Amino acid sequence: MSKFWFISLLILLLTSQLEIKAEIQDPVNFKVSLENISDEEFDVIFSATIDKGWHVYSIELPLGGPISTTITTEIADGAIAEGKLLARGKEIKEYDKLFGMDLRFFESSVTFIQRYKIIAEKYHVKGFLEYGACNQESCLPPMPVDFDFSGDGPKDVEKDENTTDDKELTPKDTSLAIAPLKEDTIAKDTSRVSALVSDLWKPVIKELQDFEETNSTQNASWLYIFLMGLLGGFIALFTPCVWPLIPLTVSFFLKQAGDKNRGIKDSITYGISIIIIYVALGLIITAIFGASSLNAIATNAVFNIFFFLLLVVFALSFFGLFEIRLPSSWGNKVDKKASSTKGLLGIFLMAFTLTIVSFSCTGPIIGFLLVEVSCSGSIAGPAIGMLGFAIALALPFTLFAMFPTWLKRAPKSGRWMNIIKVVLGFIELAFSLKFLSVADLAYGWGILNREVFILLWIVIFLSLGLYLIGILKFERNSSKKEAMPVFCKILGIVSFAFTIYLIPGLWGAPCKAISAFAPPMYTQRFNIYHNSVEARSLDYEEGMAIAKKENKPVVIDFTGYGCVNCRKMESAVWTEPEVASKLKADVVLISLYVDDKTPLEKPEEVIENGKKRTLRSVGDKWSYLQRLKFGANAQPFYVIIDNDGRPLCGAYGYKENAKDFLDFLDKGISAYKKLQSSTQ
């Protein structure tokens with residue numbers, strides 16, 4: 001059973017949502033206003049509120065880093081900019097290894113201020129603020145916030161009666177909802193019109209969403225959570241706090257009822273009560289944290305530190321260092337109440353007594369399960385996980401009541417239950433490092449790089465192997481005289497084999513079996529393994545022409561020079577041999593940098609969400625392409641299309657898992673081959 005749990009847990013944890021739903025993200029909201037400082041000076045103020053989990057980069061970051069916040073004044077009639085753009089707010093400074101520099105950014109809120117000096121009777125200033133925003137999973141392209149103000153000069157200068165007083169104008173709507181592109185939305189620059197109205201730019205948002213709905217990624221995630229809960233419940237059955245209670249409880253129901261049918265009915269009621277109690281626990285977790293918090297937990301450093309410490313405590317409990325118990329008075333009171341109560345309420349209270357009495361064994365398993373499902377980002381995750389756990393826990397009470405003779409063949413309580421507890425302790429200790437790694441990356445401590453993580457796993461699984469073959473002893477959970485069962489020794493050999501498998505990872509080997517848990521490859525300080533991938537083209541139309549000539553599908557990589565997570569994907573996922581091979585040989589890779597500041601030959605004007613928008617740079621053009629054609633604006637963003645620009649499968653976002661990205665590539669390549677064979 002231990003072997004089954006261990007292997008199944010690894011498989012389940014490696015299986016999660018492969019694709020993302022393309023969507024426009026708008027995590028930063030700006031309000032623009034004008035404030036008169038004196039008769040001759042005024043400030044243009046950009047006040048931003050930032051959604052939880054996102055941050056906006058500060059001004060004047062070093063070259064080669066993420067996008068700095070800048071201001072561009074396009075029209076300055078009767079006024080000139082005085083001084084530099086200023087930032088007001090709680091600035092956070094962190095060293096980023098990937099860029100090799102200190103990054104400065106703001107969370108929650110920030111205010112940017114640009115002062116202007118009036119030098120004429122009337123003034124008119126127009127321009128835009130440009131900023132970059134990121135969270136732990138994606139980055140937005142450089143986003144403009146327009147401003148347009150006009151007014152009178154100093155009071156001692158003669159006014160023009162037709163000039164309005166100083167006023168606050170609403171900045172242009174920067175909403176990213178996409179309207180279908182029409183020919184009249186393009187500037188009259190006919191030399192550039194053909195590219196933006198070609199079939200390759202035709203929106204495919206609906207087609208992309210249809211792929212994602214067909215894939216049922218949400219249902220797949222819920223199934224994964226349910227199966228994980230079911231597996232945890234079966235494991236909890238074989239602990240010393242639960243297994244011995246099964247025959248006692250079943251015998252009690254059969255004897256108390258007086259006949260078998262009534263005993264079966266009471267046992268079913270007992271099982272349903274267990275399910276209700278644990279599902280209620282899952283719902284309480286959701287209610288406490290809230291939907292938005294559950295979605296942010298996976299990348300929240302504080303939560304991950306808490307989860308790391310929690311799992312370490314659970315592991316030490318399973319090792320026998322101490323026991324985690326609820327107050328004994330709770331169990332006594334509920335048990336006394338159950339004894340004096342008849343009917344459905346009495347049976348429900350008996351089930352509640354079980355949850356309290358067995359907590360020292362089930363608590364760590366439930367805690368581990370809730371940690372995992374909470375980090376999945378699924379709002380219903382805790383309730384679904386607890387449903388699976390409760391069904392597995394309740395099932396034996398009903399089955400043994402229906403078939404009492406099975407009890408005679410059931411394993412008797414014994415040392416094997418303590419062995420399971422210790423094995424679970426090693427597993428929880430290993431997985432706790434996953435959460436410490438997330439916090440380490442978030443704060444930039446650099447204490448848990450990839451080789452340190454792998455080294456700790458080597459120590460943990462080597463120790464597990466030594467325990468299973470009987471060399472390593474735990475005084476409270478094993479006897480020095482008894483030899484370990486043969487099956488345990490076999491599992492010990494498996495643990496040793498896994499340890500040997502991990503060793504090359506110290507020098508940069510992929511170790512794909514742990515890619516979902518280990519820190520990304522770029523944290524590896526000593527790496528003899530390199531397999532870089534370069535894009536075939538940095539231009540959309542050019543890359544599509546290459547793909548059509550070579551008869552290959554296209555992988556579009558919407559990226560950015562300042563996109564941290566884009567670099568992580570390139571260093572940790574693209575360097576995997578199978579991924580690199582497919583990106584080089586089986587597809588045409590086009591990388592489109594949405595923060596490319598190279599100016600277009602002539603600015604292009606488009607209508608987006610009913611508002612006129614000016615595309616000034618190459619990056620603006622590619623960012624517009626992503627929003628228009630695919631209905632998304634965050635990076636990294638990957639989509640596979642055919643030679644006519646139609647999607648072949650759902651999109652893929654930031655997820656450092658080579659296996660999942662490889663599945664994404666295989667799905668698109670396979671769809672392209674089927675399309676080609678059907679047209680021949």
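Helices and strands in these views are DSSP runs, helices of at least four residues and strands of at least two, numbered from the N terminus. The model shown is predicted.

**View 1. Asn551 in the loop between α17 and β12**.
Although Asn551 is a residue other than glycine, its phi is positive, near 55°. Asn551 counts as partly exposed, at 40% relative accessibility.

**View 2. Ser108 in the loop between β7 and β8**.
Ser108 lies between β7 (101-106) and β8 (109-118). This residue is not a glycine, yet Ser108 has a positive phi of about 70°. With a relative accessible area of 52%, Ser108 is exposed, because the exposed class covers values over 50%.

**View 3. Packing of helix α19 and helix α21**.
Helix α19 (residues 577-585) packs with helix α21 (residues 658-679) at an angle of about 30°, and their axes are 9 Å apart. Helix α19 is therefore roughly parallel to α21, as angles under 35 degrees are classed in this way. The crossing of the two helices, α19 and α21, is left-handed. On the α19 side, the contact is made by Glu578, Val579, Lys582 and Leu583; α21 contributes Ala658, Phe661, Leu662, Leu665, Asp666 and Ile669. Of the residues in this contact of α19 with α21, seven are nonpolar, three are charged and none is polar.

**View 4. The cis peptide bond from Gln635 to Pro636**.
Omega is near 0° for the bond from Gln635 to Pro636, which is cis. Pro636 is placed in the loop between α20 (618-630) and β16 (637-641).

Conventions
Residues numbered from 1 in each chain as written. Predicted model: local features only at pLDDT ≥ 70, side-chain atom pairs only at ≥ 80, totals over all residues. Heavy atoms only, no water. Axes fitted to C-alpha atoms, helices over the stretch in contact; angles between N-to-C directions. Parallel < 35°, antiparallel > 145°, perpendicular 65-115°, else oblique. Left-handed = near helix turned anticlockwise from the far one by under 90°. Contact = heavy atoms within 4.5 Å. Nonpolar A, V, L, I, M, F, W, Y, C, P; charged D, E, K, R; others polar. Buried < 20%, exposed > 50% of the residue type's maximum accessible area, 1.4 Å probe, protein only.
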